[in-house]
Amino acid sequence: MKHLKVADLMTDEVVSVAPGTAFKDVAKLLAQYDVSGVPVLDDEDRVVGVVSQTDLLAHTVPGSRPADHESTAAGPPSAGEVMSAPAVTVQAEETAAHAARLMTRRSIERLPVVDVEDRLVGIVTRRDLLRIFLRPDSEIRRRVTDDVLTDVLGVPAGDVDVHVVDGIVTLDGQVERRSQLPALLSLVERLDGVVAVASRVTARTDDTATRADHARHAMPW
């Protein structure tokens, strides 16, 4: 089954800065493009860090920077001095679900998308990832019926009824073997756009006990 990849959702036109970009210029870019952060790239377009609104604000609160005469001597900070590094990035071929988990775990809003050599190819945001939950219920139902039940598990048409409302999938019916039940639940939960699964599917035969007995008899005691 095909899962949405980061490449399917990312934006490939990315606002970025160099390590030497001045503090004020970074702030202007964030305001101009209404973004919460920008990747910092080296001379080969590799992502070396990220400057976020939080990074900028941390250098503007009282006591976070030197006195005025010292600041004048040293000059304003650059992107390379205020950025968060190393950058948290994701590769374009990763799944959207992986990117969502990474954002949640690291509490970030935007992920630079890189190729195998860590060169920037795009950006993906939480807003982009929310698009996977806007998939029509009819499309989710089709994928459960055709991809999961028919193609993967070989369940005859009509044996399991599939209802989808606001991304919540309800399954009702019977499959042939009990060993198919956990696979069915797992596969449906992993479909893009599925919010939750309620399964009332039962099995005609319990092949799990038979397999366990066979395994015990096969052991060389």
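Tutor: Two strands are said to pair if DSSP finds at least two bridges between them. Helices (H or I, at least four residues) and strands (E, at least two) are DSSP runs, numbered from the N terminus.

Student: How many bridges join E3 to strand E4?

Tutor: In general, strands of a sheet pair through backbone hydrogen bonds, either parallel or antiparallel. In this predicted model, two bridges join E3 to strand E4 (residues 110–114), and the two strands run parallel. Within that pairing, Gln 91 has Val 114 of E4 as its bridge partner.

Student: In which order do the strands of this open sheet stand?

Tutor: The order is E3-E4-E5, an open sheet of three strands with mixed pairing. Strand E3 (90–91) and strand E5 (120–125) are at the edges with a single partner strand each, so one side of each has no neighbour in the sheet. The protein as a whole holds 10 helices and eight strands.

Student: Where is confidence lowest, and where is it highest?

Tutor: The score to read is pLDDT, the predictor's confidence in each residue, from 0 to 100. The protein averages 86, and 86% of the residues score at least 70. Helix H4 (residues 68–74) has the lowest confidence, at a mean of 45, whereas strand E6 (residues 160–165) has the highest, at 96. Over residues 64–73 pLDDT stays under 50, and the model has five contacts (heavy atoms within 4.5 Å) beyond four places in sequence for them.

Student: How many salt bridges does the structure hold?

Tutor: Side chains of opposite charge can pair when their charged atoms come close. A salt bridge is counted when a side-chain nitrogen of Lys or Arg is within 4 Å of a carboxyl oxygen of Asp or Glu. The structure has 13 of them. In helix H8 (residues 137–152), Glu 139 and Arg 142 are three residues apart, about one helical turn, and their closest N and O atoms are 3.0 Å apart in a salt bridge.

Student: Is Arg 143 buried or exposed?

Tutor: Buried means under 20% relative accessible area, exposed over 50%, and partly exposed in between (1.4 Å probe, protein chains only). Arg 143 is buried, at 6% relative accessibility. Its salt-bridge partner is Asp 147, with the closest N and O atoms 3.2 Å apart, and Asp 147 is also buried, at 16%. Both residues lie in helix H8, four residues apart. Another set of salt bridges, with shared partners, joins Asp 115, Glu 117 and Arg 119 into one network.

Student: Which residues form the nonpolar patch on the surface?

Tutor: Patches are made of residues with over 30% relative accessible area and no salt bridge; like charges are joined within 9 Å, and nonpolar side chains (Val, Leu, Ile, Met, Phe, Trp, Tyr) within 5 Å. Here the patch consists of Leu 130, Phe 133, Ile 168 and Val 195, with about 380 Å² of accessible area together. Such areas come from the Shrake-Rupley method with a 1.4 Å probe; for residues, only the protein chains shown count as cover. Leu 130, in helix H7 (residues 126–130), counts as exposed at 53% relative accessibility.

Methods
Residues are numbered from 1 along each chain as its sequence is written. This is a predicted model: local features need pLDDT of at least 70, side-chain atom pairs count only at pLDDT 80 or more; totals for chains, interfaces and linings use all residues. Side-chain values use heavy atoms; hydrogens and water are left out.
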